[in-house]
Amino acid sequence: MQNMKKRVFSILLSLCMAATLLTPMAYAWSSEQDSLYTTFGANNDISTKQLGYMEEIYEYLTGELELNTAAACGLLANMYRESRFDPAVNSSSSTTIGICQWYGSNHTKVINWCQENGYDPYTLEGQLGYLTHLFRDTGYDGYAGGYYIRIYEYLLGVENTAQGAYDAAYHFCYYFEIPSDKVTTATSRGNLAMNTFFPFYEQLGLTDGGTNDNDVDDNNGGLPFTDVDAGDWFYEVVVYAYEHEMVSGVTDTLFVPDGTMTRAQAVQILYNMNGSPTTTVSSPFEDVSGDDWYKEAIDWAWATGCINGVSATQFNPDGVLTREQMAQILYNYYTNFLGYEAADLASLSAYTDSDQVTFGATAMQWSVGNGIICGVNENGTDYLRPQSECTRAQGCAMLVRLVQFLAE
């Protein structure tokens, strides 16, 4: 991989930073819940003050960061081991700070970011704000390749179960905390999340916390399209894309999955998913004018190497996108904008119509090899259909698969 400083895909994420934290101690506890809460603190060596921090952190993780309870428990298990949730732990130290015990250069980054953004670095507000910055700020270089964003995307996808709590804790420890003995420590924290924190929140009746329960069928009520059914092959990807504002319907109630996608529409989706960045560069396409709704998107995509025209001066924005063209756009985005080196190029010889790939052989090999595009089996014969129109459902599927590929 090369040129990793380029910004990584952040399809699922809001670009707005949280300005304030949710009010701590907001739950209206019953006497039974209050007793469970107090007992949990006593059994786990957590003071009343630290319990207050724990509650505020949990509410922030499931509210502002939209994690489900399992993912939140995974982070809480790590913060418990690191700091007992106290943002002021080791605040006088020159090497560590806060709930995650940021160390060395990261200690400095926490302080600098908080001060630059008007936060006290020794408070939950500042430290959770910094955590949100790492998870959601697509302009933050940090580690190459959107390292922290990928951790966040993983956490958003864990199942809201005890096993999901284990997975979240293990992943956060292994990739975020990065202790010297990663496997042993991550396993210990995974068990803590699974066997201690998740059962506790289950007792409190809060295991439905957060907006992501990783259950597509439960979200069916939020999908307004009457032409997308649970049995359709594209159902899950449409739900995923709609919930994360990747696509919208043709009308309020129709998605039109078999409808075609134009070249301008595909570029606009990619542009929107990257936060609609501004660019001072104008494309050379004479059929894209300043009044067109897609002009800024095409200017950006051309400037970043995501697209080519059908000629040096024509983009054909209203032209119907083909499957080959969609593969090429996503390949360009992956290699030119994100700066990755394409790997796992698949042979296309298994597809009867592979000779119909006219200009994007490498892009198609990459798309097939990494699961971005799937062939079509008809009567036992596999086809790529590179010149077929890319339907809205197919384009949606390719975009979602790219997100999942980047999160691996």
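These are my notebook entries on what I looked up in a predicted model of a protein chain.

**Ground rules.** I count residues from 1 along each chain as its sequence is written, and my side-chain values use heavy atoms, with hydrogens and water left out. Since the model is predicted, local features need pLDDT of at least 70 and side-chain atom pairs count only at pLDDT 80 or more, while totals for chains, interfaces and linings use all residues.

**Whole chain.** I looked up the secondary structure and found 14 helices and four strands; helices (H or I, at least four residues) and strands (E, at least two) are DSSP runs, numbered from the N terminus. Of the 408 residues in the chain, 50% are buried, where buried means under 20% relative accessible area, exposed over 50% and partly exposed in between, with a 1.4 Å probe and protein chains only. I also noted that, among contacts (heavy atoms within 4.5 Å) with a separation of 6 or more, 70% join residues 24 or more positions apart.

**Helix α12.** This helix covers residues 323–337, and its 15 residues reach 20 Å from first C-alpha to last, close to the expected 21 Å; the expected span is 1.5 Å times one less than the number of residues. I found 14 of the 15 residues of α12 buried, so the helix is largely enclosed by the rest of the structure. Gly339 follows α12 and has a positive phi, near 85°.

**Helix α7.** Residues 162–177 form this helix, whose 16 residues reach 21 Å, close to the 22 Å expected. Its buried residues include Tyr166, Phe172 and Phe176, and the buried residues of α7 pack against α3, β2, α5, α6 and α8. Just after α7, I noted that Ile178 takes a positive phi of about 50°.

**Helices α4 and α5.** How far apart are the axes of α4 and α5? I found them 10 Å apart, with the helices packing at an angle of about 100°; axes are lines fitted to C-alpha atoms, for helices over the stretch in contact, and angles run from 0 to 180 degrees between N-to-C directions. That makes α4 roughly perpendicular to α5, a term for angles of 65 to 115 degrees. Lys109, Val110, Trp113 and Cys114 in α4 meet residues of α5, among them Tyr130 and His133.

**Cysteines.** I searched the whole structure for disulfides, defined as pairs of cysteine sulfur atoms within 2.5 Å, and found zero. Cys73 is buried at 0% relative accessible area, and Cys100 is buried at 1%.

Key. Parallel < 35°, antiparallel > 145°, perpendicular 65-115°, else oblique.
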